[in-house]
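Trainee: I have not looked at this structure before. Could we go through it step by step?

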Amino acid sequence: MSANPKSVSTGSAFQLLIGGRKVPGASQLDVINPATGKVFASCARTSRAQLDAAVAAAKSAFPAWSKLPLAERRALLLKIAAALTARIEEFARLLTQETGKPLAAAQREMKGCIGLTHAYAALDLPSKVIKQTEQGRVVRQQAPLGVVAAITAWNFPMTLLANKVPPALLAGNTVVLKPAPTTPLTTLLFAEVCADILPPGVLNVIVDQNDLGSALTEHPDIAKVTFTGSTATGKKVMASAAGTVKRVTLELGGNDAAIVLDDANIKEIAPRIYGAAMHNCGQVCIAIKRVYVHDSQYDAMCEELGKLAAQAVLGDGLEPTTTMGPLQNKAQFEKVQEFLADAHANGKVIAGGKVLQREGYFIEPTIVRDIPDSARLVREEQFGPVLPVLRYTDVNDAIERANSTEYGLGSSVWSADAERAFEVAQQIGAGTVWVNKHLEVAPEGPFGGAKQSGFGVEMGQEGLEEFTQVRIINLNK
Ligand code: NAD
């Protein structure tokens, strides 16, 4: 634990949750505030033996939990939502400290997390009679799977767990939850809240240092893995799940394109495009990561985006004036600097372009023009505040270039004529295509990726049913 005066007093907090008990780790893990680059808290870190204990606890809790009427499980989810609401400010401040995002964004993330919990709790999984004759009937049920491993990324720790834990539990599964190693604290605070509400073993929370993921996804007593993270790790998850034919939901990376048609009102849409590219310092799976603009409007769009980037106020997310925080961790900070170097070498940087000479992991929001499609910044997922703006003359060419990626998470089309944009939207290979907006994800769902952005969906009835399997009961009188 650092002697940093701004450090969080951990006391007995930030412990693991295994079998209903808050337990210390086999060792401790330091957590860095990305706005300072310094350790500000430490938390429990799980050993392999503790991981096995967490899975065993979830396995032994499953029979009773899965037999509880869904309405009782729903009531407990609503209690969790109420308990999160009561501690929303504490969660939001901690979220800002561990992720770097501005406090207002952390507060929105918490409200979203609570909203998702309510939205899942409103759903149901009724049995359906699909055939009835004099001799009998055929009943379709959505049965729970068993123990679910939920693995999350560091960009939205609370949003991501809210799309995994509530639906898994509502459907009657038990859970072992593992956050990303650089953002474990809000997940452990969530564990503390749930410890007082859920029966022992129903939710277990472990923390690693990127060393226990495969032990979890290979574990023979895990029935399903719900994973959010990079495509590279998603491939490993899929391979290791094969051993025991686990069900998997993979929410992976993206390289979302925005196509701006020649009739779009640039002044009006530029702030929305900028916002969807730079939200959370560009660290959003569905951030706009490439913008294709018609030749006739290209200069105007570059100019508007440049002006917006110049207005950003970078700083610690706890400062009320901050509009953009730091990159979340050192590895990502270094990776984005490689994209920045690529931008300087292959394109023309018209705004930003520098690493801030201060403590923490800060990179200016950067707009890059006249960069070829072959550049790394265009081909790969930058996951940071560096946005390439690309020129096209023929819309079919723009569509082809937008689609020429292994990713297929989101995309958007912008036009003064929404129906014209709709025609273009139908030609994009992505799980979500927005018209005249981007980033908006509705709790009614479903949300999921195409191509190597993953498979399976989250949110809504389909998101809930991902945590079940069909059971047909074919009854003869
Ligand atoms: P990552 O793949 O490095 O890590 C994600 C999680 O996987 C972490 O908890 C990590 O500890 C764990 N992990 C590491 N190795 C593992 C293994 N072998 N087996 C199982 N788990 C393992 O991803 P990241 O850098 O934390 O997150 C950024 C990525 O996540 C970006 O590509 C982003 O686009 C993507 N993402 C996708 C969505 C979506 O909904 N599609 C949402 C948020 C982020």
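Mentor: Leaving out neighbours within four places in sequence, asparagine 329 is in contact with Trp154, Thr182 and Tyr361. Keep in mind that this is a predicted model.

Trainee: Is asparagine 329 buried or exposed?

Mentor: Asparagine 329 sits in the loop between helix H11 (298-310) and helix H12 (330-346). Buried means under 20% relative accessible area. Asparagine 329 has 9% relative accessibility, so it counts as buried.

Trainee: Which backbone nitrogen does the side chain of asparagine 329 reach?

Mentor: Asparagine 329 is in the loop that comes between H11 and H12. At 2.8 Å, its side chain reaches the backbone nitrogen of glutamine 332.

Trainee: What is the relative accessibility of histidine 219?

Mentor: Histidine 219 lies in the loop between H8 and E10. Not counting residues up to four places away in sequence, it touches Arg48, Leu51, Asp52, Val55, Thr244 and Lys246. Its side chain also reaches the backbone nitrogen of aspartate 221 at 3.1 Å. Histidine 219 counts as buried because its relative accessibility is under 20%, the value being 8%.

Trainee: Which helices and strand each supply at least two residues of the shell around the ligand?

Mentor: There are 29 residues around the ligand, and Thr152, Asn210, Ser230, Thr233 and Glu381 come nearest. The shell divides into 13 nonpolar, 12 polar and 4 charged residues. The elements that each supply at least two of its residues are helix H8 (213-218), strand E10 (224-228) and helix H9 (231-241).

Trainee: How many residues does the largest nonpolar core have?

Mentor: Nonpolar side chains tend to be buried together in soluble globular proteins. Here, Val175, Leu177, Phe190, Leu198, Leu203 and Leu216 have the most contacts inside the largest nonpolar core. Leucine 177, for one, is in contact with residues including Ala150, Leu161, Val165 and Ile206. The largest core has 92 residues.

Trainee: How many residues are in the other core that lies apart from it?

Mentor: Ala264, Ile266, Ala398 and Trp414 are among the residues of this other core. Its count is 59.

Terms used. Residues are numbered from 1 along each chain as its sequence is written. This is a predicted model: local features need pLDDT of at least 70, side-chain atom pairs count only at pLDDT 80 or more; totals for chains, interfaces and linings use all residues. Side-chain values use heavy atoms; hydrogens and water are left out. A residue is near a molecule or strand if one of its heavy atoms lies within 4 Å of it. Helices (H or I, at least four residues) and strands (E, at least two) are DSSP runs, numbered from the N terminus. Ala, Val, Leu, Ile, Met, Phe, Trp, Tyr, Cys and Pro count as nonpolar, Asp, Glu, Lys and Arg as charged, and the others, Gly among them, as polar. A nonpolar core is a set of buried Ala, Val, Leu, Ile, Met, Phe, Trp, Tyr and Cys residues joined through side-chain atoms within 4.5 Å. Buried means under 20% relative accessible area, exposed over 50%, partly exposed in between (1.4 Å probe, protein chains only). Contact means heavy atoms within 4.5 Å. A polar contact is a pair of N or O atoms within 3.5 Å; within protein, one must be able to donate a hydrogen and the other to accept it, and residues adjacent in sequence count only if both atoms are side-chain atoms.
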